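Welcome, and thank you for taking a look at this model with us. Please have the sequence and the 3D view open side by side as you read.

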Amino acid sequence: MPPKFDPTEIKEVKLRCVGGEVAATSSLAPKIGPLGLSPKKVGDDIMKATGDWKGLKVTVKLIIQNRQARVEVIPSASSLVIRALKEPPRDRKKVKNIKHNGNLTLDTVLDIARIMRYRSQAVYFSGTVKEILGTCQSVGCTVEGQAPHDIIDGINDGSIEMPDA
């Protein structure tokens, strides 16, 4: 016989899904089925919570307490950068290998770095900004009209001043 269910216990489940779409119940069922939740209902909750991230892959954290699921979106650096480019949502099934050739301001990169600071491995804020600039390079966008690596070089040699936070 399984152990008695504790209503005060808080369980956390993390999963990656596409924003604004119903999460596949086949992938949800083994994770939340044993906790006594309906995968279809939780999938609809995820769809509502990730509506702002339509078409982008985001990490979702489900906080489950007393058979009630609360959804938190944990955006990755790349999804924050792509969202900042303000591109229209795309159909993942039809459009493949998209090039994100927009331009971001340094202030936008600093805002993204402030959001990602708690998950960064860097000691200083300038290191977090460099991590976001590296993400900009891999996404394929420019920052202030120039390649992100040129701005990283500017931060390294001191010609571009970085705030403390």
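Let us begin with the sheet, which is open, has three strands in the order 1-2-3 and shows antiparallel pairing. Its edge strands are strand 1 (10–18) and strand 3, each of which pairs on one side only. Neighbouring strands here are turned by 25° against each other on average, with direction ignored. Strands count as paired if DSSP finds at least two bridges between them; helices (H or I, at least four residues) and strands (E, at least two) are DSSP runs numbered from the N terminus.

A word on the ground rules: this is a predicted model, in which local features need pLDDT of at least 70 and side-chain atom pairs count only at pLDDT 80 or more, while totals for chains, interfaces and linings use all residues. Residues are numbered from 1 along each chain as its sequence is written, and side-chain values use heavy atoms, leaving out hydrogens and water.

**The hairpin.** Strand 2 (residues 57–65) and strand 3 (residues 68–74) are antiparallel partners over seven bridges. They form a hairpin with two residues between them, and Asn66 in the turn has a positive phi of about 55°. Moving along the pairing, Gln65 stands opposite Gln68, and Ile64 has Ala69 as its bridge partner.

Two packed helices are described by the angle between their axes and the distance between the axes. Here the axes are lines fitted to C-alpha atoms, for helices over the stretch in contact, and angles run from 0 to 180 degrees between N-to-C directions.

| Helix pair | Angle | Axis distance |
|---|---|---|
| Helix 3 (77–84) and helix 4 (106–116) | about 150° | 10 Å |
| Helix 3 and helix 5 (125–139) | roughly 65° | within 9 Å |

Helix 3 is therefore roughly antiparallel to helix 4, and roughly perpendicular to helix 5. The scale is: under 35 degrees roughly parallel, over 145 roughly antiparallel, 65 to 115 roughly perpendicular, and the rest oblique.

Ala77, Leu80, Val81 and Ala84 of helix 3 make the contact (heavy atoms within 4.5 Å) with Thr108, Ile112, Ile115 and Met116 of helix 4. By class, that contact has seven nonpolar, one polar and no charged residues. In this scheme, Ala, Val, Leu, Ile, Met, Phe, Trp, Tyr, Cys and Pro are nonpolar, Asp, Glu, Lys and Arg are charged, and the others, Gly among them, are polar.

The crossing of helix 3 and helix 5 is right-handed. Its contact is made by Ala77, Ser78, Val81 and Ile82 of helix 3 and Ile132, Thr135, Cys136 and Val139 of helix 5. These residues divide into six nonpolar, two polar and no charged.

**Two loop residues.** Not counting residues up to four places away in sequence, Thr50 touches Val18, Gly19, Gly20, Val58, Val60 and Val73.

Ser76 sits in the loop between strand 3 and helix 3. At 13% relative accessibility, Ser76 also counts as buried. With the same exclusion of residues up to four places away in sequence, Ser76 touches Arg16, Lys57, Met116 and Arg119.

How values were computed: Buried means under 20% relative accessible area, exposed over 50%, partly exposed in between (1.4 Å probe, protein chains only). A crossing is left-handed if the near helix is turned anticlockwise from the far one by less than a right angle, and right-handed if clockwise.
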